[in-house]
Amino acid sequence: MTESAQGLQGHGRRIRRVAAIDIGTNSTHLLVAAVDPSLRTFSVELAEKSTTRLGERDPDSGHLTDGAMTRALETLRRFRELASSHQVEQIVTAATSAVREAPNGRDFLQQIKDELDLDVDLVSGPEEARLIYLGVLSGMPFGDRPHLLLDIGGGSTELILADGRDARALTSTRVGAVRLQRDFVKDDPIPAQRRAFLQAFIQGSLEPAVDKVRRRIKPGETPVMVATSGTAMAIGALAANEEERPPLKLHGYRISRQRLDRVVEKLVSMTPEQRRALAPINDRRAEIIVPGALILQTTMQMLAVDEMVLSERALREGLIVDWMLRHGLLEDRFSFQSSIRQRTVIHQVQRFAVNQLRAERVASHALSLYDSTGGQLHQDGGAGRDLLWAAAMLHTCGQHINLSAYHKHSWYLIRHGELLGYSEAEHLMVAAIARYHRRSLPKKRHEAWQALQSRANRTTVSEMALLLRLAAALDRRPEPVVASIRADVSGRVLSLELVPERLNQNISLEQWSLESCEPVLREVTGLTLNVMVRQ
């Protein structure tokens, strides 16, 4: 059992486990999810992948080969045992284009049922697109903007136009990395003339899907493009390796079209052996990444998109969301969108056994200070408020490692934990706000400070950390004694009025704690501090 699951169970919650298996054209994937019915969310406990190459079908008949089916059966047997060891209540299994198109595909599914007692759903192209949409939706906030979701598989490419309320267009095109490699790539590196032909073929194949999507983009809208799949992740890893400080996670990582073009040109010019030598690429990916990269590049060109965002969530996570919907654990699929950030933070609060009631009190005081001191203690335009809340909820998570230096451990745990819905830059900022809510101010040598990506981000962290420092100073006892805090800046003085929970309540401890923040306040803002207690 993972630490995450133990933490959740330790809070008396009934966790339900479910597994999803995706039988794809190139690979078969297993995902084991711990579903929290009360939070209406899930976390991934186990992810496994095996390269089964079902797409290497008989060139004459199109049948799945005996070798491919044997590989897949062995993988499925192992995955079933793994899922059972996690005590899942159900294994949801889906097969996509390779099995869908093979004349003996349904016979193979019957063989899986007979030998392994696994029921496999043979999903259609549009259904595959719908599941990908659900998966991406579960891990990325769409806000008010429409999103173009692109999933490049081995045998098909799904292009979806969706927003936070609905999927406007679900398309699936029979063009994929394995299919193109098998049908078109005879020489590698690809000669220039062959590459031009391949790009023209990709463009012609994708045109109906792109036209359908374009027609449903409303005037004035600028969609966000999200890419998911092994191809996109491998290209993302190559692009990230060019960074001075590569991101820890590729989920939410942004790649410009110019950078993509550079990576694609590099890959196209290399031999398979040279591509295998690249760290993020395994042997099989080295064979099929060029056709996949050309699909990605061509799609961006056709849609006139300048940037793409990577999503690690796709069809497998969509199977989990769909299971939750069918079992009444979600009112509708959009409940994921309403509070992705809040749910992922609360999940981490529970995982690290943070006292949630105390964290909520600190967060409430921090947001109150934020709202009443805009233009005075901070110049934030609104984006920092959500980061401040997240940092306030998690600022004590490092206490179970070491009490005296817990702010440093909180930074590490937040930095390396999963915060869905936050970009890499925002994730770093949340961790740094928690890091600097106590003890010393940021120093250039600090890893937490060096990791921040811009001067503007550092300013936000400094301002939000000061607010959190003041709010956390009121968290001195297990029970609440300060009902609210009122702030006013007049001249060069910050006046803070504490309102006790009860009349004549002694809150001298909290008053002293706040007053101890004055040296930091003066150094950061030049203000002096006046703390009053309402009698």
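Ten names make up the lining of the second largest cavity: Thr-41, Phe-42, Ser-43, Ser-138, Ile-340, Arg-343, Thr-344, His-347, Glu-418 and Leu-420. The model is predicted: local features need pLDDT of at least 70, side-chain atom pairs count only at pLDDT 80 or more, and totals for chains, interfaces and linings use all residues. Residues are numbered from 1 along each chain as its sequence is written, and side-chain values use heavy atoms, without hydrogens and water.

A cavity is a set of points, on a 1 Å grid over the protein atoms alone, where a 1.4 Å probe fits but cannot get out; lining residues have an atom within 4 Å of a point. Volume is the space filled by probe spheres set on the points, which are joined across faces, edges and corners. The structure holds 4 cavities of 30 Å³ or more. Two are set out here.

| Cavity | Volume | Top contributor to lining |
|---|---|---|
| Largest | about 110 Å³ | helix 15 (residues 356–372), 4 residues |

Helices (H or I, at least four residues) and strands (E, at least two) are DSSP runs, numbered from the N terminus. In the largest cavity, 14 residues form the lining, and Arg-361, His-365, Leu-474, Asp-475 and Pro-480 are the closest to its centre. This lining has 6 nonpolar, 1 polar and 7 charged residues. The second largest cavity has 3 nonpolar, 5 polar and 2 charged. Here Ala, Val, Leu, Ile, Met, Phe, Trp, Tyr, Cys and Pro count as nonpolar, Asp, Glu, Lys and Arg as charged, and the others, Gly among them, as polar.

Strands pair if DSSP finds at least two bridges between them. Strand 7 (residues 157–162) pairs with strand 8 in the antiparallel sense over 6 bridges. A hairpin of 4 residues joins the two. Glu-158 has Ser-172 of strand 8 as its bridge partner, and Ala-162 stands opposite Ala-167.

Is strand 8 largely enclosed or left open? Of its 7 residues, 5 are buried, so strand 8 is largely enclosed by the rest of the structure. Buried means under 20% relative accessible area (1.4 Å probe, protein chains only).

Terms used
Buried means under 20% relative accessible area, exposed over 50%, partly exposed in between (1.4 Å probe, protein chains only). On a 1 Å grid over the protein atoms alone, a cavity is a set of points where a 1.4 Å probe fits but cannot get out, and a pocket is an open set with protein on both sides within 12 Å along at least five of seven lines; lining residues have an atom within 4 Å of a point.
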